[in-house]
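Subject: Handover of a structure and notes on its fold

Dear colleague,

Please find the structure below, followed by an account of what was found in it.

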Amino acid sequence: MTGNAGTCEIIENVIRLVVIALLWIPAFILAMRYNLHMFQLNGYKNNEQWRWIGKNLRKQWILIWDFCLGLTRCFYRPLWLDIVIVLSLVMTILVYRAHKRLNTKKKLVYTARVNRLIVSNLILSDLIVMPLSLFVDGWLSTGLLLCVLGVQFFLNIFANLVNRPLESSVRKWYINDAKKKLQSVEGIKIIGITGSYGKTSVKFYLQTLLQTKYNTLVTPESYNTPMGVVRTIREHLKPTHEIFVCEMGARYVGDIKELCDIVHPQMGMITSVGPQHLETFGDIEHVKDTKFELADAIPPGGEIFLNGDNEYIQQKAGQYQNVVFYYSETDPGDASGYRAHLKSVSMLGTEFTMTTPDGETEDFRMRLIGAHNIINVAGAIAVAHRLGISLKELKIPVRRIQPVEHRMQLREHGEVTIIDDAYNSNPIGSKAAVETLKLFDGVRILITPGMVELGDKEEEYNYKFGTYAADCCDYILLVGRKHTEPIRKGVLEKGFDEKKCHTYDRLEEALSYAHSIKADGHKYILLENDLPDNY
């Protein structure tokens, strides 16, 4: 009888272990994948991942609960505890499956670096289990499995630390290879473009203008990090290219210098300086200094094109000799730069007059809507003109300029027009977007989740955005309560009808309501910003 009882107990323990292990495997994979996805979105930067964890710990409360259950299970083995563990694992699977469905804006890309992080994560997980298993019975202790699952929200950070020497070597090899390839293209002109906002749009506008005369390569999409630039050079640069337009992004002081040390631009453009990425920069002075790292890198004889309308740029421009200004709102009163003057703006496009420093003048018409677009096109015209293309030759290319995807891009859907301005909203751009919406004759609907990465100024800027939106919109639909409360406050304090200002948890719910609004006239829906998955 005693032997039978012992055998039954062993069988029961094996069954309990198998059931828990079968549930643990998908829970572990889903939790690891989600945190790896967020780590990739945070640029594999440990400090940004720690900051993200601190702000979003509630999203992963289940892992902390799993860890506590695991510690308890290492020393106590009652049946009721294993039942709780099974239920907890089921809940973990459901939570992370939900996270996976919601995080659809930018998918996890299984790059070589991600695969190396996965391997290191698994090795670290084993290193946690094996030494601790000496103090509890069995190599496959249920408690230890739960503990390994419970630390997944920060284990990728330690895996990244372990991989740092290898990643540094791999990164250095790719950068050196890209440098050699770039140097091998004889006579190529390299133009760097940076700015708090507008740099991606200007890059594509400039491509449209320059390719009428030159074989031009630009960094695709928003490839504006060192490895994005390196990848562009290694995969797309050809010996026949005459101009390389390189977008340069930054989140920390020194980021632009690092990019300049890779490509060594002979010309540069700073499209704007403003309150962007203040969480990582700290203050506007650091933003300003970082953007002007591009100007510091331009060699003697090169030129740096500066947005003369921007007050922060004007404050620092006096330190440089090789400056070419371009303006659209500010009139310098002399022939010190390229000057664009608005003639008309409508739902069909924008017309303006461009004047060069030597007095050449030409009228331009473009499909882009909104007066705020003139400054970016003016900058592109200035660079193209300096490279030998006359204003007259640029008239047709300017008409060909198309809105960059997710930047005031119009999409027609029968009785509804979507104005897609969902990419990376900022205080200046969001104000310009709602003011452009006001131009349209119909029912004007704003859908926005607010602005992020503005540090301690975030609430202030979102409040101001609400005051601007109240004057320009018929309906204001807010997505998420975390960032939109200041917008709602600004909207209502301007006397906007509370019945026409709603808050939703998901974008799909706001869009559904917008389409259901019964009103006379065409509906125009402005999608202003689309927060990345890590927000």
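Helix α9 (residues 226-236) lies across β2 and β3, and its direction makes about 155° with that of β3. Helices (H or I, at least four residues) and strands (E, at least two) are DSSP runs, numbered from the N terminus. Axes are lines fitted to C-alpha atoms, for helices over the stretch in contact, and angles run from 0 to 180 degrees between N-to-C directions.

This is a predicted model, in which local features need pLDDT of at least 70 and side-chain atom pairs count only at pLDDT 80 or more, while totals for chains, interfaces and linings use all residues. Residues are numbered from 1 along each chain as its sequence is written, and side-chain values use heavy atoms, with hydrogens and water left out.

β2 and strand β3 (residues 243-247) pair in the parallel sense over three bridges; two strands pair if DSSP finds at least two bridges between them. V218 stands opposite V245 in β3. Both strands belong to an open sheet of nine, in the order β2-β3-β1-β4-β5-β6-β7-β8-β9, with mixed pairing. β2 (216-218) and β9 stand at the edges with a single partner strand each, so one side of each is left without a neighbour in the sheet. Neighbouring strands of this sheet are turned by 20° against each other on average, direction ignored.

Further along the sheet, strand β6 (residues 323-327) pairs with strand β7 (residues 337-346) in the parallel sense over three bridges. The bridge partner of Y327 in β7 is R339, and R339 also stands opposite T355 in β8. β7 and β8 run antiparallel and are joined by seven bridges, with a hairpin of two residues connecting them.

**Helix α16 and the elements around it**

Helix α16 (residues 391-400) has L391, L394, P397 and V398 as its buried residues. Seen down the axis of α16, these residues fall within an arc of 110°, so they line one face of the helix; the arc is that of the directions from the helix axis to the C-beta atoms. K392, I396 and R400 are exposed on the face turned away from the buried side of α16. Buried means under 20% relative accessible area, exposed over 50%, and partly exposed in between (1.4 Å probe, protein chains only).

What covers the buried residues of α16 includes α8 (199-210), β8 (349-355), β9 (361-366) and α15 (374-386). Of these elements, α8 and α15 have axes that come within 9 Å and cross at roughly 40°. The two helices are therefore oblique to each other, the class left after angles under 35 degrees (roughly parallel), over 145 (roughly antiparallel) and 65 to 115 (roughly perpendicular). In α8, V202, Y205, L206, L209 and L210 meet N376, V377, A380, I381, V383 and A384 of α15, where contact means heavy atoms within 4.5 Å.

**The six-stranded sheet**

A second open sheet has six strands in the order β10-β11-β15-β12-β13-β14, and its pairing is mixed. β10 (409-413) and β14 (501-504) stand at the edges, each with a single partner strand, so one side of each is left without a neighbour in the sheet. The twist averages 20° from one strand to the next.

Strand β13 (residues 475-479) runs parallel to β14 and is joined to it by four bridges, with V479 opposite Y504 in β14. Helix α17 (residues 427-437) packs on the sheet and touches β11 (416-421), β12 (443-448) and β15 (523-528), its direction making about 175° with that of β15. Helix α18 (residues 458-472) also packs on the sheet, touching β12, β13 and β15, and its direction makes about 160° with that of β12.

P299 is in the loop between α13 (293-297) and β5 (303-307), and at 30% relative accessibility P299 counts as partly exposed. Leaving aside its neighbours within four places in sequence, P299 is in contact with P265, Q266 and N322.

The chain has 20 helices and 15 strands, and its C-alpha trace spans about 105 × 60 × 40 Å along the principal axes. Buried residues make up 52% of its 535 residues. Among contacts between residues at least 6 apart in sequence, 70% join residues at least 24 apart.

With kind regards
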